[in-house]
Amino acid sequence: MSRILISFFPIGTLAAFRFGRVSRWLEDGNPPPETTEEAEEFFLMWCRGEKEKRISQEESEQLLKAEPVECGGLRLPDGRIVHQIKPPKGLRPRSESSDKRLAQYMRKTAFFLPPLPPASVRFFDDFSLEEQQQIQRLRTHWIGVRMFKDRLKLGRVLVVLLFGLPIVLLAGVWIAALERTPLTGRWRLILLTPEEEDHISKALSGQNWYKSVINLLTTPEAPAPAVVPLDDWRWQWVATTLRRLEAVVVNEAARIDSTGDVNATCPLPAQQAYSGIPTPPSTGYPIKPRPRMSCMIHSALPGGDKSTGQEHLELGPPYSLLLMEKNERNAFSYGFGGKGAGGIVVYTGLLDEILGEGVPDANANAQQGFWSSLLGSTPRARPQPTEQQTLHLACVLAHEMGHLLLSHHLETLSQQQVLWPSVLGLTVDLTRAFIWPLTSVPGSVENWTR
């Protein structure tokens, strides 16, 4: 709807320029007729603020064959005099216009002068014929100016609607799509409905998440990196660290009691099960709910449900995990939602860097047996991660979990797949709409070049 209305922007722009020109014409190019001081005093006393009498459709058709009179105006067959607004030339119909169009123009711009107040008739009769004509011309002028200003005011309202309605609609979409993030309370723009979020989350849940990651990392130049086998000891190390972090997240997410008080802190079984894990401090914005502005507006309306739409998707943990053989020292999060629809990918290059921090070579002090010494081989000892190395890994995983808890992938998806394509489409439509009047006037490029 907004894109359709934006196409009217050029019309509104041209109309705005025309209204500016008409306003200058009203101020400088349309002076009142010259009158004597007595005639002007009579007008100010008896005729100021008088309203015109509009003509009918039948009378407008009769005006097409009417002849002008000396005092100004057109005479109907019954002898009545009809006066007209005298707008700038650009607003008048051309002489070759059809009778129907001319009749419509007459009906909008023609009028009868109202009768003089009875008390003023005897004073009007005391004026000379020339002064009476001056008074009539003065009445015609100011009635026409007032009618023209009324039409100009209506046109300005239409221009404001042409400009303002698309902006209001876009602003309404923007406000309704605002969403408050957990933990920080930051407002962000999500242009996906909760139903669309659920659809994407279900498409990524379970084993589909792993397939999606493989497809994401597969390029025409090279396949995705190899996946580290599940029996590799590094899987156990990373998975154990991740599950301990998830337990803390579950504890914090459950801080909301049954009444919905975000500041409530109630004893939790999960806290007892993981008593050795420090609990994060209570926050003003809980982890789980992500209220949208549209939901808050609906809940504030009379009869609205206060809890409707206050939570989107399910709580994230447990997250999926994938270790891949790649020398790059990196890790990233992908997906959003529950049932494994979000997870973390860790490259072995990052694990090698963490395990190599401040740790001597594990093979340097290894004891060689007789057969090993005889065969010349050195047994490879399994590294035992230190507490500092596990803490380093936990910081990396916690950083990626933060992206999953705050659904940053959803925010990125909304911007890349909806917001920027929509902005680009609106810009293209707006550009084409502004170019259209320029191309339609001289004709097509092919005819113009001929």
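**Close-up views of a predicted model**

**View 1. The hairpin of strands β10 and β11.** Six residues lie between β10 and β11 in this hairpin, and Gly-337 in the turn has a positive phi of about 100°. The model is predicted: local features need pLDDT of at least 70, side-chain atom pairs count only at pLDDT 80 or more, and totals for chains, interfaces and linings use all residues. Residues are numbered from 1 along each chain as its sequence is written, and side-chain values use heavy atoms, with hydrogens and water left out. Strands (E, at least two residues) and helices (H or I, at least four) are DSSP runs numbered from the N terminus. β10 (residues 331–335) and β11 (residues 342–347) run antiparallel and are joined by five bridges; pairing requires at least two DSSP bridges. Ser-333 has Ile-344 in β11 as its bridge partner. Five of the five residues in β10 are buried (under 20% relative accessible area; exposed is over 50%, partly exposed in between; 1.4 Å probe, protein chains only).

**View 2. The crossing of helices α3 and α7.** The axes of α3 (residues 37–47) and α7 (residues 129–176) come within 9 Å and cross at roughly 50°. Axes are lines fitted to C-alpha atoms, for helices over the stretch in contact, with angles from 0 to 180 degrees between N-to-C directions. Contacts (heavy atoms within 4.5 Å) involve residues including Phe-42, Phe-43 and Cys-47 in α3, and Leu-138, Arg-139 and Trp-142 in α7.

**View 3. Two cysteines, Cys-47 and Cys-395.** Cys-47 is buried at 1% relative accessible area, whereas Cys-395 is partly exposed at 47%. The disulfide count (cysteine sulfur atoms within 2.5 Å) is zero.
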